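Please read them with the structure open.

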Amino acid sequence: MFIVSLTYIKPIEKVDPFISEHVHFLNEQYQLGHFQLSGRKEPRTGGVIIATVKDRATLDQILTQDPFHREHLASYEVTEIVPTKSSQALTFLIES
């Protein structure tokens, strides 16, 4: 599992025109089962995505499809984690 932290590298006025396209990208990844959770940072400096894909190479390929990546609007920090404990609602995320 991966935690992806996006940080805007352009002013928010440059980011806003691509929000709907970014949401479409997110929706596609949810439908494919690649993303489990996402949301914006507060204050609004970027966002966070929890991704469940098989490996970092796959995730990197997926992230290149994000309009924020294509338009050079955000930087991406990726952290891989191996979940070992969760709430009952999130037990499906625990790897055996």
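1. Start with Arg70. Its relative accessibility is 39%, so Arg70 counts as partly exposed. Keep in mind that this is a predicted model. The value is computed from that model.

2. Arg70 pairs with Glu21 in a salt bridge. The closest N and O atoms are 2.7 Å apart. Glu21 sits in helix H2, and Arg70 in helix H4 (residues 67–70). The pair therefore ties together parts that are 49 residues apart in sequence. Glu21 has a relative accessible area of 34%, which makes Glu21 partly exposed.

3. Arg70 has another salt-bridge partner, Glu71. Here the closest N and O atoms are 2.8 Å apart. Glu71 is at 32% relative accessibility, so Glu71 too counts as partly exposed. Which residues do the shared partners join into one network? They are Glu21, Arg70 and Glu71.

4. Next, helix H3 (residues 56–63), which holds both Arg56 and Asp60. The side chains of Arg56 and Asp60 meet in a salt bridge, at 2.8 Å from N to O. Arg56 has a relative accessible area of 38% and is partly exposed. Asp60 is partly exposed as well, at 33% relative accessibility.

5. How many salt bridges does the structure hold? The count is four.

6. Is Gln29 buried or exposed? Gln29 is buried, at 2% relative accessibility. The cut-off for buried is under 20%, so the value of 2% qualifies. Gln29 belongs to helix H2 (residues 19–31). Glu21, the partner of Arg70, lies in helix H2 too.

7. What does the side chain of Gln29 make a polar contact with? The partner is the side chain of His34, at 2.8 Å. Setting aside residues up to four places away in sequence, Gln29 touches His34, Phe35, Ile62 and Gln65.

8. To recap for your own check of the model: Arg70 links to Glu21 and Glu71 in one salt-bridge network. Gln29 is buried, and its side chain has a polar contact with that of His34.

Methods: Residues numbered from 1 in each chain as written. Predicted model: local features only at pLDDT ≥ 70, side-chain atom pairs only at ≥ 80, totals over all residues. Heavy atoms only, no water. Helix = DSSP H or I, 4+ residues; strand = E, 2+ residues; numbered from the N terminus. Buried < 20%, exposed > 50% of the residue type's maximum accessible area, 1.4 Å probe, protein only. Polar contact = N/O pair within 3.5 Å; in protein donor to acceptor, adjacent residues only side chain to side chain. Contact = heavy atoms within 4.5 Å.
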